[in-house]
Amino acid sequence: TGGVVDAVADALRLADDVRRLEVRANADTPADAARARRFGAQGIGLCRTEHMFLGERRTLVEEMILARDAAGRDRVLDALLHLQRQDFVGILAAMDGLPVTIRLLDPPLHEFLPDRTELALRVGVAEARGEQPDPRDAELLDAVRRMHEENPMLGLRGVRLGLVVPGLFAVQVRAVAEAVVERTRAGGSPKAEIMVPLVGDVTELRLVREEAEQVLARVADTSGIPVHCPVGTMIELPRAALTAGRIAEEAEFFSFGTNDLTQTTWGFSRDDVEAAFFSAYLDKGVFAASPFETIDREGVGRLVGIAVREGRAARPDLKIGVCGEHGGDPGSVHFFHAAGLDYVSCSPFRVPVARLEAGRATGAGDTTSDTR
Ligand code: PEP
Ligand code: MG
């Protein structure tokens, strides 16, 4: 096996020598970041901060829902600040010297709210027994019912949540800035970037960016340590791609969220790609491969092409990447190379494949991107 390992190492070295595309990884924990680095990732292209609130930190989401007044909300935000600062310090340490793109919260509500059926059951059982239900359960159930959405993936997510819940994004930005300060004081070279999800209009991004820059300046001021964090946006809605020239005026980088962009361009729910109807539909031969796996060049790819062209026309130094699942799909990597992207970002295990394909794409001189 030594021979095989050496051959793979040689192939990767060759690919790294020629490739123009940078390869980053998607990672949400210091352990994943370290793994990605061992696989040769040149940074983190997507750190999904909402993943940090699954598991035992769900109680924090409940506390936020139950907070009665501004003081109560501030207490929850303060707890969030401390946890996130630790999270970011760990990831920035694992990726020291390399860019880490931290995405502000983008939780589809149904994945993060307490389970409505479970709450209803607990409350119902107590009532049926003639007992008083746990007041916390009753209150949460009431809140969850009020917040229910028929289409959570098209609902209160990403930048929408950030604009509607006061202080939420500001606290995350502060955690990033303070983590940068802490790492700098420890002698590190933190390179954090802040990314805004689900932007459809330039105004959404401008509002968040202005708030973020105030927070960054404040932390730099009080710490005496310069904090430079580029602020950029996901391009994951057709409207964002079509208005990319305007959006680029407020963004230092773009990252294509091809999962949502595929969902919203086709109108297929990404949560239902495992459903029986979708595989039955795949069998009809309408598309050669699932558009959620291999980039759909004629539709989604064309939106990518428009956004690259108009984004760079407005801001020639705009950095552009992709962090949807397609970033690690070999055929799609060739497409992104040809479309002129700066980097692809994929799960840590797909990094070596992406490096190889990026090398092959450069070697093959792929220039036709079908993005007219
Ligand atoms: C995407 O939409 O492609 C993306 C990377 O974001 P998420 O999968 O977290 O929605
Ligand atoms: Mg997305």
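Let's start at ligand 1. In this predicted model, the residues around ligand 1 are Leu46, Arg48, Asp106, Glu236, Gly257, Thr258, Asn259, Asp260, Cys323 and Gly324. Two elements, E2 and H13, each give two or more residues to that shell, and H13 supplies the largest share, three residues.

Take Arg48, please. You'll find Arg48 in strand E2, which covers residues 44–48. Is Arg48 buried, exposed or partly exposed? Arg48 counts as partly exposed, because there are 16 C-beta neighbours inside 10 Å, and being buried would need 20 or more. Leaving aside residues up to four places away in sequence, Arg48 touches Asp28 and Arg103.

Now over to Gly257. This residue lies in the loop between strand E6 (253–256) and helix H13 (258–266). With 29 C-beta neighbours inside 10 Å, Gly257 counts as buried. And which residues does Gly257 touch, not counting those up to four places away in sequence? They are Met234, Ile235, Glu236, Cys323 and Gly324. Glu236, Cys323 and Gly324 also belong to the shell around ligand 1.

In soluble globular proteins, nonpolar side chains tend to be buried together. Here, the largest nonpolar core has 88 residues, and those with the most contacts inside it include Ile44, Val176, Ile194 and Cys229. Helix H9, residues 168–185, brings the largest share of this core, nine residues. For a closer look, go to Val176: beyond residues up to four places away in sequence, Val176 touches Phe88, Ile102, Ala192, Ile194 and Cys229. There is also a second, separate core of five residues, with Leu113, Leu119, Leu140 and Leu141 among them.

Finally, let's zoom out to the whole chain. You can count 17 helices and eight strands. The radius of gyration is 22 Å, close to the 21 Å that the globule rule gives for 372 residues, so the chain is as compact as a globular protein of that length. Along the principal axes, the C-alpha atoms fill a box of roughly 70 × 60 × 50 Å. Of the 372 residues, 44% count as buried. And among contacts between residues at least 6 apart in sequence, 73% join residues at least 24 apart.

How values were computed
Residues are numbered from 1 along each chain as its sequence is written. Chains are lettered from A and ligands numbered from 1 in the order in which they are written. This is a predicted model: local features need pLDDT of at least 70, side-chain atom pairs count only at pLDDT 80 or more; totals for chains, interfaces and linings use all residues. A nonpolar core is a set of buried Ala, Val, Leu, Ile, Met, Phe, Trp, Tyr and Cys residues joined through C-beta atoms within 7 Å. A residue is buried if 20 or more other C-beta atoms lie within 10 Å of its own, exposed if 12 or fewer, and partly exposed in between; C-beta atoms are placed from the backbone. Helices (H or I, at least four residues) and strands (E, at least two) are DSSP runs, numbered from the N terminus. Two residues are in contact if their C-beta atoms, placed from the backbone, lie within 7 Å. A residue is near a molecule or strand if its C-beta atom, placed from the backbone, lies within 6 Å of it. The radius of gyration is taken over C-alpha atoms; the globule rule is 2.2 Å times the number of residues to the power 0.38.
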